[in-house]
Amino acid sequence: MKFTFTKEQNQFRQEVCDFLQAELQAGTFSVHCGGLIEGSSQEFSRKMAKRGWIGLTWPKEHGGQGRTYVEKAILMEELMKVQAPIGYHFLADRQVGPAIIHFGSQWQKEYFLPRIVRADDGMRFCLLFSEPNAGSDLVAVSTTAVKDGDDFIIKGQKVWTSGGHLADYGWLLARTNMDSSIPRHLSCSEFIIDMKSSGITVRPIINMAGKHSFNEVFLDDVRVSKRFLVGQENGGFKQIMAQVDYERAGFERLMQNYPLFEQLKSYVRQIGKSGFGDEFYFWVKDSIAQLEIEFNVGRLLCYYTAWTIDQGRQPTSEAALCKAYCTQYEQRLNDVAT
């Protein structure tokens with residue numbers, strides 16, 4: 001991996017920066033810390049769509065630009081620096097679209113992909129994976145999808161659903177084979193589900209800061225047509241394992257609180273020993289230096305994972321390492337700031 005960018009990549013970064021500065025000056029949005037899905041503007045997403053920045057890495061035959069994952073990383077780094085309001089299209093761009101490209105039916109590709117890259121109405125997605133007794137252990141999901149003619153009847157509960165109260169569609173994992181002798185990782189399937197369907201109840205989870213971005217989602221005999229089954233029946237776990245390699249390692253994992261980091265550094269530059277004492281003063285300086293080093297390590301991990309994909313390799317270990325490191329970094333950043 002080269003530790004420099006090409007002329008074309010630097011030009012692309014400048015193009016993104018110029019666009020974001022123009023939007024900030026126009027008052028389209030302001031820089032502040034918040035949940036990734038919290039900042040959402042369909043109008044802003046449509047402006048990105050007009051520039052071809054949604055589906056940037058998707059193949060051109062599916063409405064994308066066919067550009068590199070390093071370029072996608074450059075785009076995300078600049079978007080996250082200013083906390084641009086990308087929540088409307090973000091999950092569909094990052095995860096749903098690529099999964100449909102790899103596993104979806106021809107109808108799913110023709111219906112969803114063009115609408116996602118245009119940021120059309122009704123194309124905001126949420127992820128319906130985690131459950132109260134399963135968490136991130138996806139093979140332990142208990143939500144069921146039982147065949148009934150040309151439909152599946154889905155029943156269960158999901159939790160920690162970011163943006164579920166705003167989403168038009170959910171990307172759902174459910175158990176489709178109830179035979180206990182079958183390995184769990186061979187018994188789940190993926191579905192696209194209309195969040196306005198009869199039988200779906202979304203309840204807010206308010207965090208300790210009084211913010212609402214997470215939700216509980218209850219599914220009580222929700223009827224879903226077979227055409228919304230994604231990929232192979234009972235093949236959902238393997239499909240998700242391929243998807244998370246691309247979900248784990250983006251700059252959103254490192255930079256959700258980037259404005260806080262900038263504010264913290266600005267504050268520390270101004271403080272003196274007076275009123276603090278040597279011990280605290282030098283601890284602060286050392287802590288900020290350590291955070292700066294750790295941030296740049298995380299930045300390199302993000303770019304290395306993107307570069308790995310561009311080399312045609314599956315970034316399974318790289319993405320997992322990047323996700324774990326960046327999440328822990330954000331925890332340390334908040335601890336020091338507090």
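# Close-ups of a predicted model

**View 1. One face of helix H9 is tucked in.** Glu 318, Ala 319, Cys 322, Tyr 325, Cys 326, Tyr 329, Glu 330 and Leu 333 are the buried residues of H9, where buried means under 20% relative accessible area, exposed over 50%, and partly exposed in between (1.4 Å probe, protein chains only). Looking down the axis of H9, these buried residues stay within an arc of 140°, so they line one face of the helix; the arc is that of the directions from the helix axis to the C-beta atoms. Ser 317, Leu 321 and Asp 335, on the other side of H9, are exposed. An α-helix has 3.6 residues a turn, so residues three or four places apart point the same way. Residues are numbered from 1 along each chain as its sequence is written, and side-chain values use heavy atoms, with hydrogens and water left out.

**View 2. The protein as a whole, for orientation.** The protein has 9 helices and 8 strands; helices (H or I, at least four residues) and strands (E, at least two) are DSSP runs, numbered from the N terminus. Its radius of gyration is 21 Å, close to the 20 Å that the globule rule gives for 338 residues, so the protein is as compact as a globular protein of that length. That radius is taken over C-alpha atoms, and the rule is 2.2 Å times the number of residues to the power 0.38. The C-alpha trace spans about 75 × 40 × 40 Å along its principal axes. Of the 338 residues, 50% count as buried. Among contacts (heavy atoms within 4.5 Å) with a separation of 6 or more, 73% come from residues 24 or more positions apart.

**View 3. Strand S4, wrapped up on both sides.** All 7 of the 7 residues of S4 (residues 169–175) are buried, so the strand is largely enclosed by the rest of the structure. Tyr 169, Trp 171, Leu 173 and Arg 175 point one way, while Gly 170, Leu 172 and Ala 174 point the other. Strand S1 (residues 125–128) pairs with S4 in the parallel sense over 4 bridges; pairing requires DSSP to find at least two bridges between the strands. Here Cys 126 has Gly 170 of S4 as its bridge partner. Strand S5 (residues 188–194) runs antiparallel to S4, joined by 7 bridges, and Leu 173 stands opposite Glu 190 in S5.

**View 4. Helix H3 and its buried lysine.** H3 (residues 69–81) is mostly covered, with 11 of its 13 residues buried. Its buried residues pack against helices H1 (7–25), H2 (42–50), H4 (90–103), H7 (258–270) and H8 (278–310). Lys 72 sits in H3 and is buried, with a relative accessible area of 14%. Leaving aside residues up to four places away in sequence, Lys 72 touches Leu 56, Thr 57 and Asp 93.

Note on methods:
This is a predicted model: local features need pLDDT of at least 70, side-chain atom pairs count only at pLDDT 80 or more; totals for chains, interfaces and linings use all residues.
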